[in-house]
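I opened the notebook to record what I looked up in this structure. The entries follow in the order I made them.

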Amino acid sequence: MAQTKPLVVVTRKLPDAIETRLMELFETRLNRDDRPMSQAEIIEAVKSADVLVPTVTDTIDKTILTSAGPRLKLIASFGTGVDHIDLATSRERAITVTNTPGVLTEDTADMTMALILAVPRRLAEGERLMRSGEWQGWGPTAMLGRRIWGKRLGIVGMGRIGQAVAKRARGFGLSIHYHNRRNVHENIENELEATYWESLDQMLAHMDIVSVNCPHTPATFHLLSSRRLKLMQPSSYIVNTSRGEVIDETALVRMLTSSLIAGAGLDVFEHEPAINPKLLELDNVVLLPHMGSATVEGRVDMGEKVIINIKTFVDGHAPPDRVLETMF
Ligand code: 8YV
């Protein structure tokens, strides 16, 4: 008797090649028009699904997990961050969770570097000026930004992406400083000529540019709190390509508005897709729509990881990218 294929529910539109392969391998329910599913729709879907493939835009909370039918055994998330999934309840319900680490490291590091350059050099402001039709031509004191070369970069979270940012930053003459739960292997420290700061407070007070590259977990929520942001120098910049929740966004806006921080480059926001309207009024910020890993290649690689995780799991093996609560 032919075995029935597992039912895989995908919450958002994925690259065509990935959707085609998913359909070949599994009984797959796609979201062709890419309208984010409501909580009620996800609850309905997990009643019969074997596998759920959510993204960062789906909050897979206790309500959803406790409504799941007995067949739901795997959440194969499309993305690296897992802060949208209630890992404790998943564990209690014996639902395995996987993610897609590694394949978006270089793209996210590129975008981080782009922001590190864009904010002090006023890239977006310059672009806006050109489009406004008001450019009067070159001037010796026009559009002056701040030099990158020779400055100190403080990386908060020295995992894969943090290290990839550090490698790029060295090419731009930045000295590398970092704060992490523990220091990275000394070979990596030596290669990057990186200085470890056990005290985040101390590091923030001494940096010219701060880059947030740690995951959002209960321990890193508002890690850059109002108190800590106040430790930064008024001439310093901050960029975030990780998760908005790591920075107290209201406090950041206050600091930017009062010129207590020189500028910010933000690809992520605390209440996505909502944006604090005050951010939109500030010239010293560069705002991007959570596009750090948004490359064609990256999205296909992420999809392939999702497929490998599902396939190995349904074949009875441990999936390669299993997420454990203890990792965070
Ligand atoms: C992804 C991300 O695009 O993978 C992550 O954690 O933040 C993004 O770059 C998104 O999460 C896809 O679900």
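Predicted model: local features only at pLDDT ≥ 70, side-chain atom pairs only at ≥ 80, totals over all residues.

Entry 1

Entry 2. I looked up helix 1, residues 16-25, and asked which of its residues are buried. I found I18, E19, L22 and L25 buried. They span an arc of only 135° around the axis, so they lie on the same side of helix 1. I recalled that an α-helix has 3.6 residues a turn, so residues three or four places apart point the same way. D16 and A17, on the other side of helix 1, are exposed. I then checked the cover over the buried residues, which includes strand 1 (7-10), strand 2 (27-29) and helix 13 (296-314).

Entry 3. I turned to the largest nonpolar core, which has 28 residues. The members that touch the most others are L229, I238, L252, L256 and L279. Helix 9 (200-206), strand 9 (209-212), helix 11 (249-257) and strand 11 (263-266) each give two or more residues to this core. Helix 11 gives the most, five residues.

Entry 4. M130, W135 and W138 make a nonpolar surface patch of about 450 Å². M130 sits in helix 6, residues 123-132. Is M130 buried or partly exposed? I put it down as partly exposed, because its relative accessibility is 48% and exposed requires over 50%.

Terms used: Residues numbered from 1 in each chain as written. Heavy atoms only, no water. Patch = residues over 30% accessible without salt bridge, like charges linked within 9 Å, V, L, I, M, F, W, Y side chains within 5 Å. Areas by Shrake-Rupley, 256 points an atom, 1.4 Å probe, with all protein chains shown as cover. Salt bridge = Lys/Arg side-chain N within 4 Å of Asp/Glu carboxyl O. Helix = DSSP H or I, 4+ residues; strand = E, 2+ residues; numbered from the N terminus. Buried < 20%, exposed > 50% of the residue type's maximum accessible area, 1.4 Å probe, protein only. Core = buried A, V, L, I, M, F, W, Y, C linked by side-chain atoms within 4.5 Å. Arc of directions from axis to C-beta. Contact = heavy atoms within 4.5 Å.
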